[in-house]
Amino acid sequence: MQRSKSRSGVGLPASRGVGLPASRGVGLQACPLNLFRLLAVAVLTVAALAQTASEKPSVDVRRVGARIACQCGCKDSVATCSMLECHFSKPAKEKIAQMQALGMSDDQIIQSFVREYGPGIYLAPPNAFGWVIPYFLAGVGLVIVVMYLKSKYRKPKPMTDLGAVEIDDPELAKYKDQIERDLANLE
């Protein structure tokens, strides 16, 4: 085993890895920095997991909260309000969780909020009409675009079924005769 010299001049066994202690007997008691790190990780873990029902709502709370409009001024539901420390969403989620714990149904909870805050708080679930309209309007727009392009880039058909065009105006007949003579001179 190789020995390295420290500042004091005493030979110590050389470690094979960078930053690894030479002996295997060094534990957490010998290194207060590792103990501090372990303690910090434990405290942060406990703090992260110690959330109330409003901060980490259950699926049932989110289901009911999706039918109730948040009253903080945003356009979201209680379940999806993204405002930090919302003055309405957080207590509403806690109230929903308490009502569910008492055994109230979703409809009873929603009716309780409607009685307390008025009918404007209820968000109706989307229906089939709401899903069909965007696709219908996109189809109508596509038909309009196709019709416009057809009319703009359509080549007119030649009018061959009319036959020879007769000129009734004597002024135009004079020019026709002149054109005929000029064409004869070219040949």
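1. In which helix does Ser 89 lie? Ser 89 lies in helix α3, where helices (H or I, at least four residues) and strands (E, at least two) are DSSP runs numbered from the N terminus. The model is a predicted one, in which local features need pLDDT of at least 70 and side-chain atom pairs count only at pLDDT 80 or more, while totals for chains, interfaces and linings use all residues. Residues are numbered from 1 along each chain as its sequence is written, and side-chain values use heavy atoms, with hydrogens and water left out.

2. Overall composition. The chain has six helices and two strands, and along the sequence these follow the pattern β-β-α-α-α-α-α-α. Of the 187 residues in the chain, 14% are buried; buried means under 20% relative accessible area, exposed over 50%, and partly exposed in between, with a 1.4 Å probe and protein chains only. The chain exposes about 15,800 Å², of which carbon and sulfur atoms supply 62%. Accessible areas come from the Shrake-Rupley method with a 1.4 Å probe, and for residues only the protein chains shown count as cover. Among contacts between residues at least 6 apart in sequence, 38% join residues at least 24 apart, a contact being heavy atoms within 4.5 Å.

3. Helix α3. This helix covers residues 89–101, which makes 13 residues. From its first C-alpha to its last it reaches 18 Å, close to the 18 Å expected at 1.5 Å a residue; the expected span is 1.5 Å times one less than the number of residues. Its buried residues are Ser 89, Ala 92, Lys 93, Ile 96, Met 99 and Gln 100. Seen down the axis of α3, these buried residues fall within an arc of 125°, so they line one face of the helix; the arc is that of the directions from the helix axis to the C-beta atoms. An α-helix has 3.6 residues a turn, so residues three or four places apart point the same way. On the other side of α3, Gln 98 and Ala 101 are exposed. Just after α3, Gly 103 takes a positive phi of about 95°.

4. Ser 89 and its surroundings. The relative accessible area of Ser 89 is 3%, and the residue is therefore buried. Leaving aside residues up to four places away in sequence, Ser 89 touches Cys 70, Val 78 and Cys 81.

5. Helix α4 and the packing of helices. Helix α4 has 12 residues and reaches 17 Å from its first C-alpha to its last, close to the 16 Å expected at 1.5 Å a residue. Ile 109, Ile 110, Ser 112, Phe 113 and Val 114 are its buried residues, and they pack against α2 and α3. The buried residues of α3, in turn, pack against α2 (59–65) and α4 (106–117). Tyr 117 is also found in α4, and at 40% relative accessibility Tyr 117 counts as partly exposed. The C-alpha atoms of Tyr 117 and Gln 71 are separated by 9.2 Å, although the two residues are 46 apart along the chain. Just after α4, Gly 118 takes a positive phi of about 100°.

6. The nonpolar core. The largest nonpolar core has 17 residues, and those with the most contacts inside it are Ile 68, Phe 88, Ile 96 and Phe 113. Such a core is a set of buried Ala, Val, Leu, Ile, Met, Phe, Trp, Tyr and Cys residues joined through side-chain atoms within 4.5 Å. Helices α2, α3 and α4 each supply at least two residues of this core, and α4 gives the most, with four residues. Not counting residues up to four places away in sequence, Phe 113 touches Ile 68, Phe 88, Ala 92, Lys 95, Ile 96, Gly 118 and Ile 121.

7. Cysteines. A search of the whole structure finds zero disulfides, a disulfide being a pair of cysteine sulfur atoms within 2.5 Å. For Cys 70, the nearest cysteine sulfur is that of Cys 72, 3.5 Å away. For Cys 72, the nearest cysteine sulfur is that of Cys 74, 3.4 Å away. Cys 70 is buried, with a relative accessible area of 6%, and Cys 72 likewise counts as buried, at 17% relative accessibility.

8. Val 59. Val 59 is found in helix α2 and counts as exposed, at 57% relative accessibility. The C-alpha atoms of Val 59 and Ala 79, 20 residues apart along the chain, are separated by 9.8 Å.
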